[in-house]
Amino acid sequence: IHLEIQAQRDLDFAKRMCRYHVRLFDRQNGPVLSLAVLADDDPHWRPDRFGYDIADCVLMLRFPTVKLWALDAQMLEASANPIATITLIHREAQATRHDPEERMRRKIARFRACLRQGYSAEDLRHLYRLLDQLMRLPPSIDEPVRATMRQIEQEERGMTPFVTSIERLAGAEGEARGERKVVLRLLERKLGSLSAALEAEVAALDTTQLDALSEALLSFTAQAHLAAWLQGQREGWDVAPFEASAYLQVERNMVLRLLKYKIGSLNETLETKIAELNSAQLDALSKALLDFTTQAELAAWLRGQGGGDSVRSA
């Protein structure tokens with residue numbers, strides 16, 4: 001069984017699924033079941049196949065996918081499986097990304113639900129840490145929320161003893177906050193003032209990840225490098241300090257996301273042409289797209305970069 005968990009839209013995902021499937025088939029010399037878990041928040045992105053047809057040579061891989069965004073919330077709420085709770089936390093973090101007050105409400109409710117599920121102390125310890133990292137709150141409301149959660153823990157303790165209390169984790173969190181401040185200061189000196197989104201992601205890292213970042217940041221020369229490193233932490237892959245291709249993919253994903261918000265979903269021809277741009281061209285496009293109002297304007301810009309007739313047909 002080959003399982004891939006993908007947390008954000010990637011043009012090359014289906015190709016990567018096929019590549020890994022073929023390599024595993026070759027290594028195991030037997031059938032492989034490839035499965036994809038799509039953890040992104042784009043309801044229209046559902047890759048499930050890759051293939052090509054050249055003359056009489058045909059290759060096609062179709063693979064089952066599960067879209068976390070589309071799973072039935074009532075089914076997840078009713079399940080006693082910790083993975084169901086993790087999925088709910090992940091979805092609520094996505095849904096409240098730009099709404100701290102709603103995130104505060106959902107975080108408190110999810111904490112109470114975790115206490116009532118009857119999980120073991122070890123499971124509760126992991127779930128609490130995940131809840132605190134994925135649903136991180138601004139400092140102004142974080143401490144009142146922690147106080148509320150401490151009160152909830154005391155109320156629920158008669159039903160389910162929670163041996164790993166918030167108080168017990170407070171010391172470790174204090175140390176992490178100090179290390180986080182140092183890392184943020186180093187990043188600002190190296191890359192300039194960080195965007196709010198990047199700063200929030202760094203703030204969500206645990207102590208092990210902060211240690212790794214304190215070493216990796218020495219090789220960063222642009223905020224895109226930090227974004228690539230953080231994407232690696234989210235998706236469980238490592239980015240070598242000078243692995244330019246990984247950094248380039250992150251820049252490309254960011255530009256595609258901005259274009260989607262500005263002029264809507266792109267057709268395959270335009271996406272392919274953007275995939276061929278180098279880092280300098282992507283940087284130029286990230287500035288030019290602010291003036292686009294139609295896909296025709298994007299196509300014209302790409303032709304100016306040497307896109308040729310194939311873009312003109314878009």
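Angles under 35 degrees count as roughly parallel, over 145 as roughly antiparallel, 65 to 115 as roughly perpendicular and the rest as oblique. Keep that in mind for the third stop.

Welcome! This is a predicted model, in which local features need pLDDT of at least 70 and side-chain atom pairs count only at pLDDT 80 or more, while totals for chains, interfaces and linings use all residues. Residues are numbered from 1 along each chain as its sequence is written, and side-chain values use heavy atoms, with hydrogens and water left out.

**The whole chain.** Colour by secondary structure: the chain has 15 helices and five strands. Helices (H or I, at least four residues) and strands (E, at least two) are DSSP runs, numbered from the N terminus. Of the 314 residues, 40% count as buried; buried means under 20% relative accessible area, exposed over 50%, and partly exposed in between (1.4 Å probe, protein chains only).

(Two strands pair if DSSP finds at least two bridges between them.) Leucine 3 has leucine 35 of β2 opposite.

**Second stop: two loops.** Select asparagine 29, in the loop between α1 and β2. Although not a glycine, asparagine 29 has a positive phi of about 55 degrees. Most residues other than glycine have a negative phi. Asparagine 29 is exposed, with a relative accessible area of 67%. Then jump to alanine 55, in the loop between β3 (49-54) and β4 (57-62). Alanine 55 is not a glycine, yet has a positive phi of about 55 degrees, and is exposed at 71% relative accessible area.

Select 82-95 and 121-134. How are α3 and α5 oriented to each other? They pack at an angle of about 10 degrees with axes 10 Å apart, and are therefore roughly parallel. Axes are lines fitted to C-alpha atoms, for helices over the stretch in contact, and angles run from 0 to 180 degrees between N-to-C directions. Residues making the contact (heavy atoms within 4.5 Å) include Ile86 and Ile89 of α3 and Leu127 and Leu131 of α5.

**Last stop: threonine 96.** Threonine 96 sits in the loop between α3 and α4 (100-116). Is threonine 96 buried or exposed? Threonine 96 is buried, with a relative accessible area of 1%. Leaving aside neighbours within four places in sequence, threonine 96 is in contact with Glu102, Arg103, Arg106 and Met135.
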